[in-house]
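Hi,

Here is the structure I promised to pass on. Have a look at it first, and my notes follow below.

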Amino acid sequence: MNGSFIARLCAAISMMLVVCASAVAEEAEYVIRFSHVVAPNTPKGRAADLFAKLVNERLAGKVRVEVYPNSELYDDDTILPTLLLNSNEHFAVMAAPSLSKFLQFSEMLQVFDLPFLFRNVEDVHKVTESPLVEEIIAPLEEKGFKALAFWDNGMKEFSVKADKPLRVVPDDFQGKRFRIQNSNVHAAMIEDLGGMPERLPFRVVYMSLNKGIVDGQENAWSNIYSQKFHTVQHWITVSDHSYLGYLVVVSNPFWKGLPEDIRGQLEAMLREATLANQQYAAEEAISDRKKIEEQAGGAKIVELTAEERAQWKQATQEVEKRFAGEIGPELLQRIHSLLDH
Ligand code: SIN
């Protein structure tokens with residue numbers, strides 16, 4: 001054996017040791033991939049980034065959170081089944097899909113899609129911060145999800161490309177197609193308003209509006225602004241007809257398998273991110289509306305009169321009755337008494 005052979009052997013062995021060591025380090029770390037479909041500069045995007053920053057600073061070397069915005073990793077259709085299938089002891093996919101996207105896993109969550117039930121985001125918080133929430137999330141836990149936090153976006157507004165804004169129902173909706181999320185409640189609402197619902201994933205909404213595949217859509221201000229929907233629509237009606245919010249979820253077996261102290265720290269950091277999310281959502285509902293208002297050539301914003309709003313409410317009042325069986329009549333009754341109406 002000559003010296004150069006021994007040197008090469010030692011180099012190869014040390015290279016193998018480095019590779020093994022980094023594999024062990026990788027395995028010893030918990031990795032969470034946070035996948036979402038919206039832009040980073042939205043209430044959900046910013047809260048996900050904050051959560052990752054807190055975890056990566058405070059639990060460096062133990063837990064790493066990577067954020068994938070804009071449907072880069074998974075889209076609306078694939079995220080929830082993938083989250084259940086792709087997680088293991090050391091690796092998990094985390095997501096915060098809109099509440100509408102849990103339809104195949106929870107009929108109860110349809111309550112958050114109902115038109116004109118929640119007058120504002122504060123009404124929603126009365127429910128999500130009440131003991132009712134445990135009942136609402138229980139079926140999801142049975143299906144393998146750990147529901148970690150409710151996050152806000154805000155109240156939704158309608159937009160349309162048309163000669164005139166959406167004001168009079170059903171006349172202004174008739175003959176028009178509206179993009180909706182995969183929600184039976186939203187579909188029923190659009191039909192009762194006089195329009196035609198079209199279920200499409202979030203990532204294709206701009207293209208569908210631009211190409212005229214649909215005439216309009218409904219969304220929160222930060223999504224309208226960050227996705228530039230206002231640049232391919234003529235009118236936005238301030239309808240505040242229903243709520244857009246999210247549930248942060250991860251695989252239940254992964255969550256339960258974490259060491260208790262790490263789980264506790266992650267829960268505390270999620271609480272921080274949730275408080276920040278509520279603040280971002282409240283701020284962006286005002287600032288993104290203002291940016292749209294100030295942008296020349298974009299959609300014009302119109303307010304409903306009290307009378308027009310009452311007509312929208314009346315037109316959609318049967319939706320709640322139709323879904324009461326699936327949501328649970330008792331839950332609905334308790335929500336009404338909590339909201340005092
Ligand atoms: C989201 O805010 O996550 C997307 C909502 C939508 O699909 O409209």
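Predicted model: local features only at pLDDT ≥ 70, side-chain atom pairs only at ≥ 80, totals over all residues.

How far does a polar side-chain atom of Lys-101 lie from an oxygen atom of the ligand? The distance is 2.7 Å, and I'm counting a polar contact as a pair of N or O atoms within 3.5 Å (within protein, one must be able to donate a hydrogen and the other to accept it, and residues adjacent in sequence count only if both atoms are side-chain atoms). The protein covers 100% of the 260 Å² of accessible area that the ligand has on its own (Shrake-Rupley, 1.4 Å probe; for residues, only the protein chains shown count as cover).

Residues are numbered from 1 along each chain as its sequence is written, and side-chain values use heavy atoms, with hydrogens and water left out.

Back to the ligand. Its surroundings include Val-37, Val-38, Lys-44, Arg-179, Gln-181 and Phe-202, where near means a heavy atom within 4 Å. By class, the shell has five nonpolar, three polar and three charged residues (Ala, Val, Leu, Ile, Met, Phe, Trp, Tyr, Cys and Pro are nonpolar, Asp, Glu, Lys and Arg charged, the others, Gly among them, polar). Domain 1 (3-105 + 119-152 + 245-286) and domain 2 (157-243 + 295-339) each supply at least three residues of that shell; the bounds come from an automatic or database domain assignment.

Now the pockets. A pocket here is an open set of points on a 1 Å grid over the protein atoms alone, where a 1.4 Å probe fits, with protein on both sides within 12 Å along at least five of seven lines; lining residues have an atom within 4 Å of a point. Volume is the space filled by probe spheres set on the points, which are joined across faces, edges and corners.

The largest pocket comes to about 470 Å³. It has 21 lining residues, with Thr-128, Leu-148, Ala-149, Phe-150 and Thr-274 nearest its centre. Seven of the lining residues come from β4, the largest share (helices are DSSP runs of H or I, at least four residues, and strands runs of E, at least two, numbered from the N terminus). The lining counts ten nonpolar, four polar and seven charged residues.

The second largest pocket holds about 320 Å³. Val-121, Gly-154, Met-155, Ala-281 and Ala-285 are the closest to its centre among its 21 lining residues. Here α10 gives the most, six residues. Both domain 1 and domain 2 contribute to this lining, so the pocket lies between them.

Two backbone details to finish. Val-169 and Pro-170 are joined by a cis peptide bond, with omega about 0°, and Pro-170 sits in the loop between β4 and β5 (177-180). Lys-228, in the loop between α8 and β8 (235-238), has a positive phi near 65° despite not being glycine.

Cheers
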